[in-house]
Amino acid sequence: MRRLWLLPLLMGAVGGIVFYALAQQEDPAQEVKKQKEMLLKETGILPGDVYAEQGRDLFNKPMGSAGKSCSSCHGQDGRYLKGAYAHMPRYYKDADAVLDLDTRIKYCMEKYMGVKDVKHDTNFKSIATFVATLSNGMKMDVRLEHPKEKEMYQKGKELWYARVGKMDFSCAICHDTFGGQRIRLQTLARIKQDKVATHWPAYRFSNDQLWTMEDRIRGCYSQIRVTPPPHFHWAHIALSLYMAHEANGGVIETPGFVR
Amino acid sequence: MAIGAGILRVPKEAKKGEIVKVQMVITHPMEPGTRKDPQTGQLIPAYHLTKLELFFNNKLVSVIDMGGGVSANPFIGITLKVEESGTVKISYEDNKGGKWEKTAEISVV
Amino acid sequence: MDRRRFLLLSALGIAGLTFVPGIFRPSFASSKLEEDIQKRLGVSLSQIKESADVKLQAPTIAESGANVPVSVESDIPVEKVDSLWIFVDNNPSPWIADVKFTPMNGKVYFATRIKMGQTSNVRAILKLKDGSFLMAAKEVKVTVGGCG
Amino acid sequence: MKRHFILLSSVVLFACAPTQQEKPKPAEAPKPPPPQAKAEEKKHTFEEDIKQDEAQKLCSNPQGTVSADMVAKFLEEQKRLIKYPPNGKLMGDWKKGEQLFVNTRKGNCYACHCADPKELACGNIGPTLRYYGKRQNNVKYTYEKIYNSWAYVPCSIMYRAGVHGILTPEEIADIVAYLHSPESPVNK
């Protein structure tokens, strides 16, 4: 019994020494983090900020057949939308549905501004990013009060844990169970601890694109070889609601800056 | 997305003789002209910024030439010695004739 | 005992084993690089000496080749400096950018983000007003990302 | 400054290879992935693709595994799904195995495992496979584990390469050789 007690200690010590010796040389997982650190340190401005600025201009610009801009209802520079993103996705009475950031903007553009055929393009994403920035510094505070919110949350939770597709993955297996560990050299975000929802929309420096959470969800599904849901699909709303709820209490900082 | 849109950032205030950072991000695809479209196998034509010029009170401070090897939505950081209050201007152009400029003010305190 | 400590340390040990540094041969200058340098600087690469006066910062390992941050600084007074070039040896077009300095810059400093197709040396070359050249080089390992 | 601190301290959401939805902008010389199967995959819808088999359903819960009384039956059923190469050889060509091991559309094993020390960008979700052949001599176990990991660990994160046809029995045998062969860089 006592020997057994010693064995792990010895192994641990040896492991520790090996680790220490090798860490003296170069640790790829640590080194790789320096790329992002340097990008943040050397660059006072990030490309995501430029997109958000563009989003502000587009927000104030009339478009569609009604001759209205977003600011016609939400105030110049969206002053009535401060803090709105902190409660999203949520139930909207006018739509009688739970909507995420993307679907809410699409709904407004179509119904109130008369924009036809709303595309999820860079202009659209810039507006979404700008709207999200209006809640920067506030805490994520998603509530499940309306029955439809509870129902959507439940759907999101089911999708989160569903093992699907040829890779047998679920969102949870990477971002709960193995969160914090690495795929190659990329550390997997942990849904709860890292309050993931607080830094989306985000600018991805590995492909120089601005992504909303819908793009991120689509990206994840195609990486696990599941045909991604089209934009504005209920799956985005359900998963976004689940993730935002898990991020409650986290401080919103958008646009995020991610690999 | 408006190609060529950018943010120019300088400190609003500086001491006389202080060396300050001038930073700029511009939205531009920076297509180098050496990449092939994975679907068609055709070369994607070059489309990138070629030149940025930094002025302070209309005096030329620096010229930066670049090709498609600079990342998309390029960033540049450079320094400027501030001897007087004035206007920082960066003008920039691409290989398809696009021309833009951005300005920002610095006051000496 | 201390099962937690055992798990932690042995995990570290195992992790440690995975950090065995790779065998990356220093990349020798490609002929494309030499052509570019000859064309743009008017001298051959072999005539340019490395100098600690040029400080080049870049990550040792990049998890994305699309956006590698690079900054160049020097304590050589900017009055003595004419211009700066940045090259990436193994890119299809090694020349990245060049900067012409004046005394109004106050000092020699330039930062940007660059593309790297693969593991390669990054070079920063300063041309001084007396016609001499100084260089700094740093290898950046570009790694594969993702789950395919 | 504060903002940067927050950005730095938050870990990024899992970001892998560029996806199909928008044209990726990698570095100057992108290596085009071999997209033979893509056209066929695209016909599916999200709804079709998230249909689960019985085992996937059993694994879809916050515990990430099946209840204790279910384990024996689960493992047995998964074991029955394993097929072997017609020639009966469980060790193939290690050099072919190496190609499959690194190929991101095939084995993509480095996503989770380290193996050959010259590959720096290896994940740590699975145990390291360095010197695997020196530590493990059960070739049949290795073959079956790669073919269907769920036959050994219910609901393991390791995808069932053989069950889903991502790797053929022959291809799995090649990877087995890559892991066991003394000639392989994994064991050198």
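Trainee: How many salt bridges does the rule find across the interface of chain A and chain D?

Mentor: Please bear in mind that this is a predicted model. One salt bridge joins the side chains of Arg160(D) and Asp168(A), with an N to O distance of 2.8 Å. That pair qualifies because the cut-off between nitrogen and carboxyl oxygen is 4 Å. Across the interface of chain A and chain D, the number of salt bridges found is 2.

Trainee: Which helix gives the largest share of the side of chain A that touches chain D?

Mentor: The contact involves 67 residues of chain A and 56 residues of chain D. Across this interface there are 18 residue pairs in polar contact. The largest share of the chain A side, 9 residues, comes from residues 213-223 of chain A, that is, helix H9.

Trainee: Is Glu93(B) buried, partly exposed or exposed?

Mentor: Glu93(B) lies in strand E7 of chain B. Its contacts beyond four places in sequence include Leu49(B), Lys51(B) and Trp100(B). The relative accessible area of Glu93(B) is 25%. Buried requires under 20% and exposed over 50%, so Glu93(B) is partly exposed.

Technical notes
Residues are numbered from 1 along each chain as its sequence is written. Chains are lettered from A and ligands numbered from 1 in the order in which they are written. This is a predicted model: local features need pLDDT of at least 70, side-chain atom pairs count only at pLDDT 80 or more; totals for chains, interfaces and linings use all residues. Side-chain values use heavy atoms; hydrogens and water are left out. Contact means heavy atoms within 4.5 Å. A polar contact is a pair of N or O atoms within 3.5 Å; within protein, one must be able to donate a hydrogen and the other to accept it, and residues adjacent in sequence count only if both atoms are side-chain atoms. Helices (H or I, at least four residues) and strands (E, at least two) are DSSP runs, numbered from the N terminus. Buried means under 20% relative accessible area, exposed over 50%, partly exposed in between (1.4 Å probe, protein chains only).
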